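User: I would like to know how the labels on this structure follow from their cut-offs.

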Amino acid sequence: MPRKHIIHPENCKNRIRESVSFCGITFTLSGKYSQEWSIMQEKDGKITVEVFPNRKTARKEFNRYKKVKFTLK
């Protein structure tokens with residue numbers, strides 16, 4: 001029986017996956033391959049970071065922010 005593929009967190013790099021800017025607020029989605037994703041909100045030089053355990057929940061929240069962007073235009 002073959003071994004499962006193991007992802008080691010120390011070998012993964014944190015990368016910026018997507019960035020959206022509107023109304024003076026910049027939302028940036030960044031994360032590793034399978035763990036430790038985050039959304040950074042930058043407004044007036046202040047940065048707020050929301051941390052998520054996986055990509056699925058982070059992407060769901062980020063898409064919610066993008067929907068707000070398109071309804072404001």
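**Labels and cut-offs**

Analyst: Of the 73 residues in the protein chain, 27% are buried, which means under 20% relative accessible area, with exposed being over 50% and partly exposed in between (1.4 Å probe, protein chains only). The model is predicted: local features need pLDDT of at least 70, side-chain atom pairs count only at pLDDT 80 or more, and totals for chains, interfaces and linings use all residues. Residues are numbered from 1 along each chain as its sequence is written, and side-chain values use heavy atoms, with hydrogens and water left out.

User: Why is Ile47 called exposed?

Analyst: Ile47 has 58% relative accessibility. The cut-off for exposed is over 50%, so Ile47 counts as exposed. This residue lies in strand E4 (residues 46-52); strands (E, at least two residues) and helices (H or I, at least four) are DSSP runs, numbered from the N terminus.

User: What makes E1 and E2 a pair?

Analyst: Two strands pair if DSSP finds at least two bridges between them. Strand E1 (residues 15-22) and strand E2 (residues 25-31) have seven bridges, in the antiparallel sense, so they meet the definition of a pair. Ser21 is opposite Thr26 in E2. Two residues separate the strands in this hairpin, where Cys23 has a positive phi near 55°.

User: Which elements does the protein chain contain, and in what order?

Analyst: The protein chain has four strands and one helix, in the order β-β-β-β-α from the N terminus.
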